Amino acid sequence: MNLTLRILCTILITLPTLISAQKDIDLSLYLGMSSHGSDLNSWGRHGQGILDNPQMAYGINLGYGIKEDLKLRLQYKNTELVGDDVNLSDKEEFGANHARRAYRYRTGLNEVSLILEYSLFTNSKKVLETKQQKISQNLPKRTVYPFIYGGFSLAFLSDDSNMRSWGNIPAGKEQDVLLDISQGSTGGLQIPLGAGMRFHLNRLIYADIFYDARLPLTDYLDGISEAGNPNKNDSYQFCGINIGIFLNDKSVDSDGDGVIDKIDECPNTFGVKTLFGCPDRDLDGIQDKFDNCPDQPGPAKNFGCPLANKKTNKP
């Protein structure tokens, strides 16, 4: 829990600096499930699948936009790894051995990740049509699009001593068990790879569904290796949903004229890109608010009025 609080405090402390940056920053909360493959949860053996023995998982995710389709993410996830030989005692293959060994464990897992995320198919145009005009509006993001990601993680494991026990140690395995006990559960460096689908609910709020897995780099996630199957490493995975909010969306275009609000001089009125987003009804290159004849095209030297009608500047 202390590690969780430290990570959350670090993210909150860095938020003001990130929000002030000229990049898209988003923050999301994760809720879902995890599962793991180990000596007691052997994917592909004992009839077990990769979604067997699921555990609740949660986390937080901070994203920093490098480009429109590329983000750097700092992620934190928390879950448990739980296993018990008793659950395998009825399996035809090695069931009796598992019942006799009677090993069980419960380990808390805290993971901190640095992820590079690439969004697919984000460059698009949406055409809005009205009776009077056709507007080609550049959108910074599609409403729905897939993404892929990968990076590096550090997994911090903490064993629950009340859920760490052995039954009858197999003959000839005494030294192996002692070695496993001294080692305990260890995490360390992990390599997460994943994919998902993002749904933009509006300009500020989005939702993700995703799945990611870790390359099997260690055989001690469950605290047993030499007394189990030392030739096959352990791994774990997450899936679930993220609900996020953009903290400083720099691409908002309230009037839909293709000029984002931060550089639009008329952010609430549809206008012309070359006139900084302000309207020009007669298309003479003069903003309506400076045009003495906004419905009749005319040169700037005549204050936007036709030369046949000499006008003076607006008071």
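Student: What sits over the ring of Phe147, and how far from its centre?
Tutor: The charged end of Arg198, 4.4 Å from the ring centre. Sitting over a ring has cut-offs: NZ of Lys or CZ of Arg within 6 Å of the ring centre and within 35 degrees of the ring normal. This is a predicted model, where local features need pLDDT of at least 70, side-chain atom pairs count only at pLDDT 80 or more, and totals for chains, interfaces and linings use all residues. Residues are numbered from 1 along each chain as its sequence is written, and side-chain values use heavy atoms, with hydrogens and water left out.

Student: Which charge sits over Tyr30?
Tutor: That of Lys77, with its charged end 5.5 Å from the centre of the Tyr30 ring.

Student: Switching to ring pairs. How many aromatic pairs are there?
Tutor: The structure has 6. Rings of Phe, Tyr and Trp (its six-membered ring) pair if their centres lie within 6.5 Å; planes under 30 degrees apart are stacked, over 60 edge-to-face, the rest tilted. One of the pairs is Tyr30 with Phe210, at 5.2 Å centre to centre and 55° between the planes, which is tilted.

Student: Where in the chain are Tyr30 and Phe210?
Tutor: Tyr30 is in strand E1 (residues 25–37) and Phe210 is in strand E10. They are 180 residues apart, so the pair links distant parts of the chain. Strands (E, at least two residues) are DSSP runs, numbered from the N terminus.

Student: Is Tyr30 buried or exposed?
Tutor: Buried, because its relative accessibility is 5%. Buried means under 20% relative accessible area, exposed over 50%, partly exposed in between (1.4 Å probe, protein chains only). Phe210 is buried too, at 8%.

Student: Why is the Tyr236 and Phe238 pair called edge-to-face?
Tutor: Because the planes stand at 90°, with the ring centres 5.9 Å apart. Tyr236 is buried at 1%, and Phe238 at 0%. Tyr30, Phe210, Tyr236 and Phe238 form one aromatic cluster.

Student: Now the surface. Which residues form the nonpolar patch?
Tutor: Among them are Leu31, Met56, Tyr58 and Ile245, and the patch has about 1,000 Å² of accessible area together. Patch residues have over 30% relative accessible area and no salt bridge; nonpolar side chains are joined within 5 Å, like charges within 9 Å. A salt bridge is a side-chain nitrogen of Lys or Arg within 4 Å of a carboxyl oxygen of Asp or Glu. Areas come from the Shrake-Rupley method with a 1.4 Å probe.

Student: Which element gives the largest share?
Tutor: E11, with 3 residues.

Student: And Met56, buried or exposed?
Tutor: Exposed, because its relative accessible area is 60%. Met56 lies in strand E2.

Conventions. Helices (H or I, at least four residues) and strands (E, at least two) are DSSP runs, numbered from the N terminus.
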